[in-house]
Structures are given as C-alpha cells and as structure tokens.
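Please look over the sequence and the structure before reading on.

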Amino acid sequence: MAGLVARWVRFYTRNLPDPVARRRIGEIDADLHDHIAYERALGTAERRIALGVLSRMARGLAADASWRRRVRTPKGNPVKTLLTVLAGLAAIAIGVAAVVLGEADDSPGLQLLGALFVIGAITFGVRAVRRSR
Amino acid sequence: MPRRKPGTLLPLENEILESALAMSRSGEAAFHGFGLAQAMREQGTSRSLTAHGTLYKALGRLEEFGLLASRWEDAESAEGRPRRRLYELTAKGVHAAEQALAAEENRAVRGFPRIAPGPA
C-alpha cells in the first residue's frame, strides 16, 4: 500500500516545478515511513496498517488535486489582465461619450445610460482587483 | 466548497495551529507532518489521522500566510529513513494560535447550558 501512495504522489506532482514536486514527494515519503514504523511498533497488524495508509490517501485525493491546480496555475494571467483593463477603459470611454452626447442632444436617457456604464465599469474593475489579491 | 474569506483561517488550519502551540508548550517546538497528525488525533480534534493531501496542503497554506516556517531536518538526524520536513510556529503563528484557542474557549463558555432555574 505504501508503494501505491508513493506512486500516487509521484503521479500528481508530475510536470510541476522541481522544488515543489521534490518537497511534496519527500514529505509524503517521510510521513509514510513514520506512520508505518509507528503502527508496527504498536504491534498493529499489517492489513490494518495498509488500510490506514490507504484511508489517508483516499481521504486526501481531492485536496491533492486542488493543490496541484493551485501550484500549476501561474499567479495572474497577463493577457487576461490586459484584456480586462482594455474592456474597462472601453466601457468608461463609451459611458463618457454617451454622457457628453446626451448633454449635447438634450437626451437625459442617454446621459443616464452613460453614467451607468461608467459606474458599472469602475465597480467591475474594483471587484476584479480585490479578487486577484 | 465555500470561498475562503480573505484573512480567515479554515477550521483545520486553526486546529493545526492549536496543536502546534500545545506541542510547543510541551517542549516540542519543531514538528513534522505525521507527528502533527498523531498529536491532533490524541488531542481529540480528529478521530482518525488527517489525510495526506489535506494535511500537507494546509501546512503549505499556513506557511504562505507566514504562520509557520519549515526546513528539512539534517541528513545526520535522518539516518536510515527519509528526511522529515520540520515546521515551527512563527511569532505571528503563535499569536494566531492563541487567538484561535481564545475564540474556542469563548464558544465553549457561551454554549454552556443554563442550569439555574429561570424566574418563577
């Protein structure tokens, strides 16, 4: 069973940055050794030890997957960030244009739409910045 | 899974800090993953040993938050077995652990049932 856990950790750390993968593999290898040694010292039956090790692996599978996703994803996608900023600026520009044109055309409805565009773009931008932190 | 509110710790993370504080107070400032899982089981915060993925992910997060610091143990100390990653509470971690303990004690006191009879 220890072999299965060792193979699993090497599988879900594949293609990760070397220091990250080596650290996780090292920690799990040490944990496995300590767990098995502890249980053997208590006289626990091998089958029970194997089930305990398997249980710890199985209960943590989801956490392993989410950890891998987290360490693989680079913090911030520059292209996505640039597109978001450009979209926000475009929305503000359209909003300002609508307000100016609405004033020139004596069209309060257009001015209101323009103001909503600007407020919405600013709100969206602030939320996006807060989420990225 | 609910989104983590920025600046908050998950219940498991608080349990880890509390266990780490208890171990530190009993003279074991540096601990490793299996030792921590054992301590948490003995202290009754978990019925079974914490899962590998759950435990090491939480330890990593606490280190990112600056509440724990870690290092590999010396090769000489690890003769005949894989080297352990040793963790210690930082000053910030001690403070967070004490806050978590205080909050838990507060909850325990508030949850105490009324035993005195109410007004007639």
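What percentage of the 133 residues of chain A count as buried? The figure is 29%, where buried means under 20% relative accessible area. The model described here is a predicted one. Chain A holds six helices and zero strands, and its C-alpha trace spans about 90 × 25 × 15 Å along the principal axes.

**Fold and overall dimensions**

- Following the sequence of chain A, one reads the pattern α-α-α-α-α-α, in keeping with the count of six helices and zero strands.
- The radius of gyration of chain A is 27 Å, whereas a compact globule of 133 residues would have a value near 14 Å.
- The C-alpha trace can also be described by its extents, which are about 90 Å, 25 Å and 15 Å along the principal axes of chain A.

**Domains and contacts**

- The domain assignment divides chain A into domain 1, covering 2-71, and domain 2, covering 78-132.
- A distance of 50 Å separates the C-alpha centres of domain 1 of chain A and domain 2 of chain A.
- When contacts in chain A between residues at least 6 apart in sequence are considered, 51% of them join residues at least 24 apart.

**Surface and charge**

- Chain A has an accessible surface of about 8900 Å², and carbon and sulfur atoms account for 66% of that surface.

- Most residues other than glycine have a negative phi.
- N15(A) is not a glycine, yet its phi is positive, at about 65°.
- The place of N15(A) is the loop that joins α1 (2-12) to α2 (18-41) in chain A.
- N15(A) counts as exposed because its relative accessibility is 71%, and the cut-off for exposed is over 50%.
- D106(A), which is likewise not a glycine, has a positive phi of about 50°.
- The loop between α5 (78-104) and α6 (108-132) of chain A contains D106(A).
- With a relative accessible area of 68%, D106(A) is exposed, since exposed means over 50%.

Notes: Residues are numbered from 1 along each chain as its sequence is written. Chains are lettered from A and ligands numbered from 1 in the order in which they are written. This is a predicted model: local features need pLDDT of at least 70, side-chain atom pairs count only at pLDDT 80 or more; totals for chains, interfaces and linings use all residues. Side-chain values use heavy atoms; hydrogens and water are left out. Helices (H or I, at least four residues) and strands (E, at least two) are DSSP runs, numbered from the N terminus. The radius of gyration is taken over C-alpha atoms; the globule rule is 2.2 Å times the number of residues to the power 0.38. Buried means under 20% relative accessible area, exposed over 50%, partly exposed in between (1.4 Å probe, protein chains only). Contact means heavy atoms within 4.5 Å. Accessible areas come from the Shrake-Rupley method with a 1.4 Å probe; for residues, only the protein chains shown count as cover. Domain bounds come from an automatic or database domain assignment.
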